[in-house]
Amino acid sequence: MLTQEIAAEIVKQTMIRLNRNINIMNDHGIIIASGNPERMNTIHDGAMEVLKTGKTVIIHDKDLVKWESSLPGINLPIHFNQKIIGVIGITGNPEEIMEFGELVKMITEMMLQQAFTAEQIEWQQKTKDHIFDDLLQDTLNEKSIQQRLELVGISLQPPFQVSVIETNKPELKRIDFTHWVEGIFNKKHTLIGFLGVNQQFILSSGIPDTKVKDNLLKLIAKGQLKGIDTKIGMGTSVTELTGIPHTYQESISSLTLGEPDQSLTAFKEIETKALLQKLDENSHQQYYGRILSGLSEKLIDTLEQFFANNLNLGECAKKMYIHRNSLIYRIKKIKEITGYNPQKTNDVITLQLAIWLRKMHKK
């Protein structure tokens, strides 16, 4: 636990505050960090005595004959998990430094505990990421996955559902994101991890789609309070572990094909688009090109707005800040140019597909 890197950081931080030379010795009495580089990797006799007796050793000037490899000061045991794992030495007149010796020892032990906790959190997160990677494989080693889930204290139970989150905060710390999500989802039944710089995944289990959606909406609202803009793609739930790659791919499609201003997109909302996405690029272009090629950008935008407002002339005109008659004129113009009536069900489907394919190609 007491690595050279951690010891060097403790020496650095302590010397800034005390303006005294600090030495840290490992459990063999060897100096592994010091404000005096010349003392590195040498045996410290005072530390050896501390390790032997478990007690603080005070060295005065008159004691230097006995402690040949030491300087005046105090040497205190460093405890971790009720064991002595090293020694911290403060160089100077013992009478002057005695009063803050125990404080330095306490701060050192606190820094070690923090480092250990951070290391454990990092290990747990890496384990969760590896578990999720394994769940996305074609062949599952369920026994191995279950063993690692037990190590991180998670139990997954059907139904399973994956959501992918994209934030505007690439600098968002892993621990902060995890706490953010765990404040809403049950951490004992949820696998939370990272896909990239600003993308995260949530594998929820044991709750229905409606509850997942409610939780994700809470997550978005909570993020807004923290100044985090969030886009989430939500897959549908599956009942078997082998279905997790499927719900994951759905969540990616939902994130990709959802509207730019839409914070949460469920797969059911873009299922038709996802089917269209499987067509080759040439088929896309031929389809929307044949139907929309005669329309100006203004008329295409009018068509999008009309569909977005569920073919409601009044609402659409209001949202576009134009007169209702102007909108009716444009709708008639679209019908004349394309041969498809935006107010007729079958024609609406054709025109909507063309709009979607055009937007996919533009992306």
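Biologist: Is Gln-82 buried or exposed?
Modeller: Gln-82 is exposed, with a relative accessible area of 81% (exposed is over 50%, buried under 20%, partly exposed in between, with a 1.4 Å probe and protein chains only). This is a predicted model, where local features need pLDDT of at least 70, side-chain atom pairs count only at pLDDT 80 or more, and totals for chains, interfaces and linings use all residues. Residues are numbered from 1 along each chain as its sequence is written, and side-chain values use heavy atoms, without hydrogens and water.

Biologist: Where is Gln-82 found?
Modeller: Gln-82 sits in the loop between β4 (73-80) and β5 (83-91), and its phi is positive, at about 65°, although Gln-82 is not a glycine. Helices (H or I, at least four residues) and strands (E, at least two) are DSSP runs, numbered from the N terminus.

Biologist: And what is phi of Asn-41?
Modeller: Phi of Asn-41 is near 65°, again a positive value in a residue other than glycine. Asn-41 belongs to the loop between β2 (31-34) and α2 (45-53), and Asn-41 is exposed, with a relative accessible area of 57%.

Biologist: Switching topic, which peptide bond is cis?
Modeller: The bond from Pro-158 to Pro-159 is cis, with omega near 0°, and Pro-159 lies in the loop between α4 (142-151) and β6 (160-167).

Biologist: Last one: what does Asn-215 touch?
Modeller: Leaving aside residues up to four places away in sequence, Asn-215 touches Ile-184, Phe-185 and Ile-207, contact meaning heavy atoms within 4.5 Å. Asn-215 is part of helix α6 (residues 209-225) and is buried, with a relative accessible area of 4%.
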